[in-house]
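Please walk through the model below with me, keeping the sequence and the picture side by side.

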Amino acid sequence: MGLAEMLAPSGREYFALFEQAGTNVMRAADLLEQMLASYPDRRELATDILVCEHEGDRITHELINHLNNTFVTPIDREDIYRLAGALDNIVDYIEEVADYMGLYRVEAPMAQAQQMSKILRRSCEQIADSLPLLRGFQDISRHTIEINRLENEGDRLTREAMAALFDNGIDPMVVIRWKDLYERLEGAIDATEDVANIMENIVIKNR
Amino acid sequence: MIDRDAGFIQVLRRRLLDRGWDHTITAGAVSPEALIRMRLNALVIDITVLGPDCWPYLESVCTRLPGLAVIVCTGPSSVAQRVRGLRLGVDAWVTKPCHPEELLSVVEAALRRHRRAELAVLEPPTVAGEVMIRHELHQAFVGEVSVGLTAREFEILQLLVQSDRVLRREEIYQRIWGYTMAHGDRSVDVFVRKLRQKLRLASPGWDYIHTHFGVGYRFEPVGEESGLPGESPEPLAAPQTTRSQVVYTGLPDS
C-alpha cells in the first residue's frame, strides 16, 4: 500500500467489504430459514452456514487489517469497527442456532422458530439492501424502520414461544433445548437492530 | 454375569448353585453375538468392569437382545448414570453393596416382566391395504419386505391403525412421547411425514395416512385405483379401499 493510498480517504475497500458482509449475512439467514423450514430433511445446510460464518470472520479480519493500515478513513474508525463486529455477530448467532440443532439432537422444529428465522431473513435482506446506500450516505431510514419493526415482531414471537415452553407437562428436555435456541435466534434478530442503529448513526454523522 | 468382585461372586455363586441356575461369570465384556449364542435369560453386569465403554456396550446389548433381562449391579452411581442406563434399556439397577438374595429377586422380577412381554408376542398381525403390521417385531411389512420403520415411526403407525377416528396432534404426542406437546412443536408432523414417505416407497399406489388440516391425522388405507373423485379415471380394480383387518396367522415366522 502506497503512502498516498494510506492518507487518501478513499472508502471503496471498506464499502465493498461491508457489502460483501451484507451479502454473507443475507445468505446465512436464508440458509437457516431453509434449514428450519425443511428440518430435519436438510440438516446438511448447517455445513453451508458454517462456511458463511468463516466467510464472515474473513471479512471482519480484512476490515480490521485495512483499518490498521490506513491513516484516514471515510467514516470514523470506531464506526467501522462497530459495524464490522455487529455484522459478524449476526452470522455467529445464525451459525450457533444451526450447530446447536444438531448438538441438542433436535428431532423436529418448532413453528415459532421457523417464524423467527423468517423474520431474521427479512431483516437481513434489509441490511443487505441498505449497506450499498452507505457509500453516498444516502437515506436508509425506510430500511432501518423496517428492521426495527421486524425486531419488535421478533421480540413478541420470542416471548410467546418462551411462554409456550412453560405450559404444564412439557418434556424438560424440550424446554432446555428450545429455550436456548430461541435465545440465540432472538440474539440474531437483536444483532440486526444493532447493525441498523450503527448504520443510521454513520449516515447522520456524515451527511 | 460380568463382574470382578471376587467376594461378591463367591457368595452369589453359592446361591445360584443352590437354586440350580445355569450361569457363567466373566471378568470382561462379552460381545452381543456371543451373548446371543449363549441363549441367556438374564445378564447381570457391573459397569465398572467396562469403564467408559459401558454405555455403548449396554446400548448395543439392549438393542440387539430385547428379550434379555439386563440388570446393572454396581457401586455407588449418580442419578444421571442410573437414568441413562435405564433409558438405554436396562431392566433394573442395583447398588452395591447389596445382599445377593436381593439381586436374585431383582433378576427374577425382571424375568417375570420379560415373560409377560413375550406373551404379548402372540398378538396377531394387522393387515391394512398392502401393509402387514407385525406388533411383535415392531415393524411393518409389504410382502416379505420390511418398511424399515424406526421405533417411534412404528409406534405412531400402530397408534393410528388402532384408532378409527382422527387423532389430534396433541393426542398423538402425548401418547407417544409421554409429555404434553409444546405449542408449535412439529415433531408429530415430522414423524408422520417420514412414515408416509416410507409407506409410499414400500406400497406405491396406496395412501394410508390422511391429514385433517388444523386437527391431526387419520389412518385409512386407500388404493389410488379405487376411483375416488379426481384421483383416477380408471375403473375400480381390486384391491379396493379396505379398513384394517386382523389376520390370525399364529406365531410369527421369525
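Helices (H or I, at least four residues) and strands (E, at least two) are DSSP runs, numbered from the N terminus. This is a predicted model, in which local features need pLDDT of at least 70 and side-chain atom pairs count only at pLDDT 80 or more, while totals for chains, interfaces and linings use all residues. Residues are numbered from 1 along each chain as its sequence is written, and chains are lettered from A and ligands numbered from 1 in the order in which they are written.

With those terms in hand, find B:Gly143, which sits in the loop between strand S6 (139–142) and strand S7 (145–146) of chain B. Is this residue buried or exposed? A residue is called buried if 20 or more other C-beta atoms lie within 10 Å of its own, exposed if 12 or fewer, and partly exposed in between, with the C-beta atoms placed from the backbone. B:Gly143 has 10 other C-beta atoms within 10 Å, and it is therefore exposed.

Chain B as a whole contains eight helices and eleven strands, and 24% of its 254 residues are buried. Two residues are in contact if their C-beta atoms, placed from the backbone, lie within 7 Å. Among the contacts in chain B with a separation of 6 or more, 52% are between residues 24 or more positions apart.

Now turn to the sheets. Strands of a sheet pair through backbone hydrogen bonds, either parallel or antiparallel; here, two strands are said to pair if DSSP finds at least two bridges between them. One open sheet of chain B has three strands in the order S1-S2-S3, with parallel pairing, and its edge strands, each pairing on one side only, are S1 and strand S3 (92–95) of chain B. Neighbouring strands of this sheet are turned against each other by 20° on average, direction ignored, where angles run from 0 to 180 degrees between N-to-C directions and axes are lines fitted to C-alpha atoms, for helices over the stretch in contact. Strand S1 (residues 42–45) of chain B is joined to S2(B) by four bridges, and B:Ile45 has B:Val72 as its bridge partner in S2(B). On the other pairing, S2(B) and S3(B) run parallel over four bridges, with B:Cys73 partnered by B:Val94 in S3(B).

Why can strand S2 of chain B be described as largely enclosed by the rest of the structure? Six of the six residues of this strand (residues 69–74) are buried, so S2(B) is largely enclosed. In a regular strand the side chains alternate between the two faces of the sheet. Both faces of S2(B) are covered, with B:Ala69, B:Ile71 and B:Cys73 buried on one side and B:Val70, B:Val72 and B:Thr74 buried on the other.

Helix H3 (residues 45–69) and helix H4 (residues 77–103) of chain A pack at an angle of about 165°, with their axes 9 Å apart. Angles under 35 degrees count as roughly parallel, over 145 as roughly antiparallel, 65 to 115 as roughly perpendicular and the rest as oblique, and H3(A) and H4(A) are therefore roughly antiparallel to each other. The contact between the two chains takes 16 residues from chain A and ten residues from chain B. On the side of chain A that touches chain B, the largest share, three residues, comes from H6(A).
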